[in-house]
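Hello,

Here is the structure I promised to pass on. My notes follow below it.

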Amino acid sequence: AKLASFDNETKEFPKDAEIVIATQSILSRLDSVQFDLTALLDFDQEISRADYKSHHKIFSLLVNLKAMTREIIFVQTSTPESFILKCFKNNDTDGFYQKDLEFRRDLNLPPFQHLTALCVRGKEEKNVFEESRQLLKMLEAQKEEKVELSDVHADHYPKWRDKYRYTILLKGESVKSILGTVKPALQNFKKKKGIIVTVNVDP
């Protein structure tokens with residue numbers, strides 16, 4: 001079979017290819033490309049990301065891929081009982097909405113509580129990770145009541161534009177209480193040269 005790849009840097013779609021290996025940027029061709037068969041690889045990794053919107057993102061991806069597929073979609077997963085897949089298979093968007101809202105309520109995720117993500121990034125992965133751990137210690141020392149902290153974990157995009165990225169998540173009932181933890185910690189944080197920290201409220 002004639003193989004081709006497609007990503008966000010591909011200028012023209014390879015129309016003569018029989019098999020196309022693509023990133024999610026294939027959705028930019030939603031109205032112009034059709035496939036006989038589509039395979040979505042590693043569904044489990046997508047829904048296990050430290051991103052409370054991951055369910056919504058993967059469900060949306062499946063719906064769009066279905067619109068691009070004439071016959072059948074294969075999904076690689078070890079969790080075929082997932083409510084996301086069941087709702088997708090049954091075209092049940094309302095059911096997905098209710099289930100995902102219930103999931104967020106159980107874990108106190110937005111819109112039921114607020115989140116703030118601190119992203120630490122830089123060119124040397126070891127330095128980025130160490131600086132992230134130091135920042136976490138400072139946040140723990142400044143933590144207000146009813147504010148929860150996650151461990152340091154690789155960002156949704158662990159490397160982006162030649163920079164490694166690690167994230168710390170804070171969760172609380174109000175943005176004010178979360179920022180009451182974040183601001184003094186950042187003021188006292190003496191980061192190394194080349195390290196950048198960004199704050200994203202309700203990402």
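Buried here means under 20% relative accessible area, exposed over 50%, and partly exposed in between (1.4 Å probe, protein chains only). Strands (E, at least two residues) and helices (H or I, at least four) are DSSP runs, numbered from the N terminus.

A word on the source. This is a predicted model, in which local features need pLDDT of at least 70, side-chain atom pairs count only at pLDDT 80 or more, and totals for chains, interfaces and linings use all residues. Residues are numbered from 1 along each chain as its sequence is written, and side-chain values use heavy atoms, with hydrogens and water left out.

Which strands pair with β8? Strands β5, β6 and β7 do. Pairing requires at least two DSSP bridges between two strands.

- β5 (residues 114-122) is antiparallel to β8, with nine bridges. Ala117 sits opposite Leu169 of β8.
- β6 (residues 147-149) is antiparallel to β8, with three bridges. Val147 faces Gly172 of β8.
- β7 (residues 153-160) is antiparallel to β8, with four bridges. Trp160 has Lys163 of β8 as its bridge partner.

β7 and β8 also make a hairpin, with two residues between them. Arg161 lies in that turn and has a positive phi of about 50°.

**Helices α2 and α4**

Helix α2 (residues 54-67) packs on helix α4 (residues 93-106). The angle is about 165°, and the axes are 10 Å apart. Axes are lines fitted to C-alpha atoms, for helices over the stretch in contact; angles run from 0 to 180 degrees between N-to-C directions. α2 and α4 are therefore roughly antiparallel. The cut-offs are under 35 degrees for roughly parallel, over 145 for roughly antiparallel, 65 to 115 for roughly perpendicular, and oblique for the rest.

Which residues make the contact? From α2 they are His55, His56 and Phe59; from α4, Thr93, Phe96, Asp100, Phe103 and Arg104. Contact means heavy atoms within 4.5 Å.

**The whole chain**

The protein chain has six helices and nine strands. Its C-alpha atoms fill a box of roughly 55 × 40 × 30 Å along the principal axes. Of its 203 residues, 33% count as buried. Among contacts with a separation of 6 or more, 61% join residues 24 or more positions apart.

Best wishes
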